[in-house]
Amino acid sequence: MFGAGGGTNSYREMEETDLILLWGSNARETHPVMFLHMLKGVRRGARLIVVDPRRTSSAAFAHRWLPVRVGADIALANAMGRYILREGLLNEEFVREATEGFERYREAVEPYTLEYAEAVTGVPRELIAATAREYATAPRAMICWTLGITEHHNAVDTVFSLTNLALLTGHVGRYGSGLNPLRGQNNVQGGGDMGALPNRLVGFQDVEDPEVRARFERAWDCTIPPKAGWHLTAMYDAMEKGLLRGLYVIGENPVRSDANATRILRLFRELEFLVVQDIFLTATAELADVVLPAAAAWCESEGTVTSSERRVQRVRKALEPPGEARDDLWILQELAGRLGRPWDYPDAEAVWNEVRELSPLHRGMSYRRLEELGGIQWPCPSEDHPGELFLHGRLWKRPVEGPRAPFMPTHYEPPVDEVNEDYPLLLTTGRRLYFFNTGVQTALYRTPVPQEEYLVLHPRDAGRYGIAHGDRVRVCSRRGAVEATAWVESTVLPGLCFMTLHFPEKTPTNFLTVDAADPKSGTAEFKATAVRVEPVPRGRVLVEATREGAP
Amino acid sequence: MSAAPLRGWGVELQRLEHVPPPTPEEQQALERVWGHLGPEERVGRRDLLLPALWAVQEARGWISYPAAAAICRELGLPPAEVYGVASFYALLATEPRPRRMIHLCDDIVCMLRGAEALAQTLHRLLGDPIQEPAHGQAYGGISRADGAASGEGPLPSVGWSRSPCLGQCERGVAALVGERVLLGLSPEALEERVRAWLRGGEGLADATPAPTHLGWKGEGTPLLLARCGRIVPTSLEDYRALGGYEGLKRAMTIGPEATIQEVERSGLIGRGGAAFPTGRKWALAAREPPPRYVVCNADESEPGTFKDRVLLEKDPFSVIEGLTIAGYAVGAERGYLYIRGEYPEGYRVLLQALEFARAAGYLGKRILGTDFSFDIEVRRGAGAYVCGEETALFNSIEGFRADPRNRPPFPTQVGLFRRPTAINNVETLACVPPILARGGDWYARLGTERSKGTKLVCVSGHVARPGLYEVPFGVPIRTVVEDLAGGVPGGRRVQAVLCGGAAGTFLLPEELDTPLAVETLQALGAALGSGALVVFDERTDLWTVVERIARFFRDESCGQCVPCRVGTQRQLEVVAELRRGGGRVDPEVRRLLEELAQVMRDASICGLGQLAPNAVLSSLRLLGKRP
Amino acid sequence: MTRKLQVPLVTAEVDGQRVQVPEASTLLEAIRAAGKDVPTLCYHPVLEPIGACRICVVEVEGSRTLVPACIRRVEAGMRVRTDTPRVQLSRRMVVELLQGSVDTSLAPDVRRYAAEYGARPERWEPFAQEGPRAKHAPKVDNDLYVRDLDRCILCYRCVRACGEEVQNSFAIAVAGRGLAARIDPGFDLPLPDSACVFCGNCVAVCPTEALVPKTQFEMRRAGTWEEGRQQVVTTICPYCGVGCKLNLHVQDNRIVKVTAPLEDPITRGFLCVKGRFGWTYVHAGTAADPGGGAEPSTPPGNL
């Protein structure tokens, strides 16, 4: 955000803020322990407003639930922005002194009247207005979001529509006010920190900046390609075109986790060479030419991870890895050696010390300090720096330190996969409490609920399609069909249904999803797939979309 | 506990979507509880939980899971907590139970009148008593999803259980059956009735019970009994004709501060047992920030005690007026009257009296043309002695388990709904209108130096005229027992008098000349408590009585703190063993009981646990020295 | 952010020693500030005190009864005595009552206090009746944790952790009354049918192993649970991006239990189901797989 890729606040600020706008996130189930901090805040008087097409378990704790139509978030945010402007609730001083591009934003939101927004988003206008007013007038307010915002074909624009609200009201750069994308995996943030992004080097440094590159090239004694690389979707496009023919996958299961799995499977099969490094023989690993068995990073090796509040923390080795499984670092060094670059890092700390040399954000975080302080939040530029509780305090300096924060005008576009007579329901996807991603880890503990995929649909739709709670149903999209068990419940609105990606071997939901992706982030629109649902006649046990391929 | 819960907050109610709906009769019963409240207004009204549980209990005879789930959905409450509350009360059943339940009082007084023979009759006709999980059997087979009975075969139509004191001591043996209390029961009459019920009939019309003896003696009496039996209880005209509502008028003339001063000057102390100065309590509550509440504690459950029942049934307006004056003085807009579930007649009378008071402008907006607005809501207990403890009573009204709270903070600061609250006993409030009407100074002349005014005394057990008697403080106990109640019949001698109910102490015959007053009884190591005197003649097996008292406390402990939860059980076990052993108490056992008693008094959270060893220990004075 | 509020101090006396503590401190805090201590059972450092077990009682001058130190606020001039014979009698009795009513053999605190105060629960045995102390089998209705209510001392820690103070699931509450009071998910529902979300935060605060992870329960039964041989390694949860610290309890190169460090401000000792129980995959396919898998969708085992 504004040049730094991380949430701006800390969990403890959630306990002391006045308003939390939880947008496109079911944190109760996906970030349970962080949600406890939010609940503490709510118990102390903060308002919690949940924006979600589903009446989630998070919404059960909210003062207000805005049942936004899938993919209509920009229209909602812009309407809030327009209302705030109309009512004069903006933070004029902040907008004038700390931002740029305000006039373009004002023009951009002008069409988003409450009436229009109600029609597009399905959220009653008075709820939109009340939410805008409360957000703008709260002494402290934060917006937190997850994949409900970012798994859309216009994900980046949707994020911008939220950051615009924070700029308009000055709800960023202060204790208890900010913008927080909640990270879905234990080291998604750390991966970004370490430059596992197509356009960044370690510490979010721009790969296309010659000075930055030069520093890294000196340190690494090599030449770094001067252009940003491909993000995931671009890689698939490159595979499609034959430009990318070999792939090295570490700790991911893309043939199960990526949208339009039929196509992904085909692309993987067509690769000339595939290496997979993982702790399990995943579905992706089964397709590999070479499989490198890895140690479990969080308990069988040493290192660090970074959390959603930018806190770098130590992971430690508690177990000897089984069999021939090896530490990722060992594998990578062996590989480097065989590729003619004999790296020499005796341990994870040595790698980390190199990170500290190259990344100003991490410079002050020695292993010793990480141990002593129980983790440090970046930026931490020096060893006498305690780390930052919240980011962008600079925007409140007068004059502003560094560049102004830009408004990024955005416009609503409906989801790509259109609902019509043949595909009358919109399927959205997400996680359930007990499970995680494609279930590689969570399939292996004895969950108190069945390891089974449910299609959650509204009683009205269930009635319409002759489906009873507990029936087997077939879900068909323009790309495939899978079977699941019907779960009839009013937590989804009529016309909407919900599934997860947790049981891909039995119910490969991604055979349904659309691979329309955001051109900037490369994330696919997992959240909006037009589907048809039909009962499966009893006794029939056919799954048309099998792991073998397309129906 | 931190901040007040939000409306329906955090309960993931979709979990309950697949529970079947309640039966139509359960649903209708619930609709009556919701009344005019829309669905949005019900959510968060946890204080409606107990009324809702009562409603479905009465509609079906027990609380089914579908009915409980419906309550959860409407009020936004978690099932675990609803069950926690429902399973707390003896009159609520969380398992299938016969629709007609006979709750037979076998407590100390009815026991003297032959309750055991009636229990044998019921056992012969109906089999084993059905006791709620609260009383022993911790885990029962409970049917869930379908809400049907879990056992084999249909439920019998009639069942029975043993009950603690029903507050009908002057006219037992008593049994609570639905909305009726059967009185003066004999085994034959009971058998005839039960047989009729088993055949599906309604049985006999209730026999007219023996009248409650009322009497008084000494200066100032009758004050509280002046109207009892002389007026139609729900007649406002009758009430006013005999001085009713003069107190409220006077209070409104002199203003809230002066009203409190008047009560302070009267020296009135609480009649519920704790003997705290009423005026001071009001003053403490009045100085806290609003909203404030006033509450009338009508959960009279102390075995041997029935004075509040008589007042509520025979002179309800006096209590209503007293509570209204309290509300005026304290600056409350709402009062609650919590009546024990075993008093159906009092409940009916009260509801009617309140309606008349409202219609006449004594309750509601702008009372008597002033800018004081006040109304009273009646809540019913459901079978739990501990609710007489004031903080437990608050929790009960609020829809929580009726566990007493730690104090401080005291109710005057943090009371009902966590707001400043003045809570007073029925009799205390009934004293208030005459104090206001005739002046605190007048009242303070009655009684003794430290115990002002007159006192209602419930006399039961082995006396010729068990009943309710009013005397000024300072009258010897013997006067009440012998002159008013007629003494032990049949020329037998008094063995002991239990003073203050189960939580009280046994007085020896030679102690009966003690003046009835707080300070004189205190000097004896006893306490007046609720004002109950249970007389035991020389033939009584007192060990049986003591064991029943020990069992009473074991059954009625809320279970929150260790000294009371486990201590009452240990005390019962030792007493039972002593009774079986013929009453010999060797020094080691005596020390064990004394140590336990000290710890229960020292370390229990509330008065229940602190007072539970009283009767046992004091009985050792009588019984321990026998060979 | 380091702006400190000026909290007024109050002065009290603990065993004759003057001590100054911030206003609204509890007696327990004051006692500890004076360098003394009292035993506690229902008290838990990250939960609000409730004053239920009564083992922390002390004498306060002018008070008719003893006073629970965990919940009572200090008042200026209070004189507290923490270890008088009267206090000791109450503590000894509380332990005796607990030991006589439930199985406290796996409750280290109770055992310690029993030794310290010389509890002799056996002196109640001649009077014991069978009925009210009937034993119940451990409730094993899910594969993650076991409820062994015969060990429950009703400290309410689990109820508080499940309720508004921490987890806000309200899945369990006290049901019944008196000696029959017990922790129940309502209507005797099995946990998987209740509002339980299996975070195990109730297990984390249980002082008696009435609530115990199933791995621990089974290893105890098999006689293989050896705390003395376990190492505890702190790492970070492998699931979502919150970054919860986990304490891995390792015995013989196997994780046998996962807890969270109380002092970690992110978790305060509380986790979700995946963090506390979702670790078994690291042992999948190896001998004596402690968690096993419910129809693993992925071929088990490292390669």
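**Figure 1. Interface between chain B and chain C.** The area buried between chain B and chain C is about 5,600 Å², with carbon and sulfur atoms contributing 58% of it. The model shown here and in the following views is a predicted one. On the chain B side 67 residues take part in contacts, and these meet 62 residues of chain C. The two chains are also linked by 3 salt bridges. One of the residue pairs joined in this way is Arg123(C) with Glu595(B), whose closest N and O atoms lie 2.8 Å apart.

**Figure 2. Chain C as a partner in the interface with chain B.** Chain C contains 7 helices and 12 strands. Along the principal axes, its C-alpha atoms fill a box of roughly 70 × 60 × 40 Å. Of the 303 residues in chain C, 63% are buried. The chain exposes about 11,600 Å², and carbon and sulfur atoms supply 49% of that area. When contacts in chain C between residues at least 6 apart in sequence are considered, 53% join residues at least 24 apart.

**Figure 3. Strand E12 of chain B and the strands paired with it.** Strand E12(B) spans residues 494–499 and is mostly covered, as 6 of its 6 residues are buried. Strand E14(B), residues 532–537, runs antiparallel to E12(B) and is joined to it by 5 bridges. Within this pairing, Val494(B) has Asp537(B) as its bridge partner. Strand E13(B), residues 505–507, is likewise antiparallel to E12(B), and 3 bridges connect the two. Here the bridge partner of Val497(B) is Leu507(B). E12(B) and E13(B) form a hairpin with 5 residues between the strands. In this hairpin, Gly500(B) adopts a positive phi near 100 degrees.

**Figure 4. A nonpolar surface patch on chain A.** The patch covers about 550 Å² and is made by Tyr248(A), Ile250(A), Leu332(A), Leu335(A), Leu339(A) and Trp343(A). Two elements of chain A each give two or more residues to the patch, namely strand E9 (246–250) and helix H17 (328–338). Leu332(A) is located in helix H17. Leu332(A) counts as partly exposed because its relative accessibility is 30%, a value that falls between the limits of under 20% for buried and over 50% for exposed.

Methods. Residues numbered from 1 in each chain as written. Chains lettered and ligands numbered in written order. Predicted model: local features only at pLDDT ≥ 70, side-chain atom pairs only at ≥ 80, totals over all residues. Heavy atoms only, no water. Patch = residues over 30% accessible without salt bridge, like charges linked within 9 Å, V, L, I, M, F, W, Y side chains within 5 Å. Areas by Shrake-Rupley, 256 points an atom, 1.4 Å probe, with all protein chains shown as cover. Salt bridge = Lys/Arg side-chain N within 4 Å of Asp/Glu carboxyl O. Helix = DSSP H or I, 4+ residues; strand = E, 2+ residues; numbered from the N terminus. Buried < 20%, exposed > 50% of the residue type's maximum accessible area, 1.4 Å probe, protein only. Pairing = 2+ DSSP bridges. Contact = heavy atoms within 4.5 Å. Buried area = accessible area lost by both parts, 1.4 Å probe.
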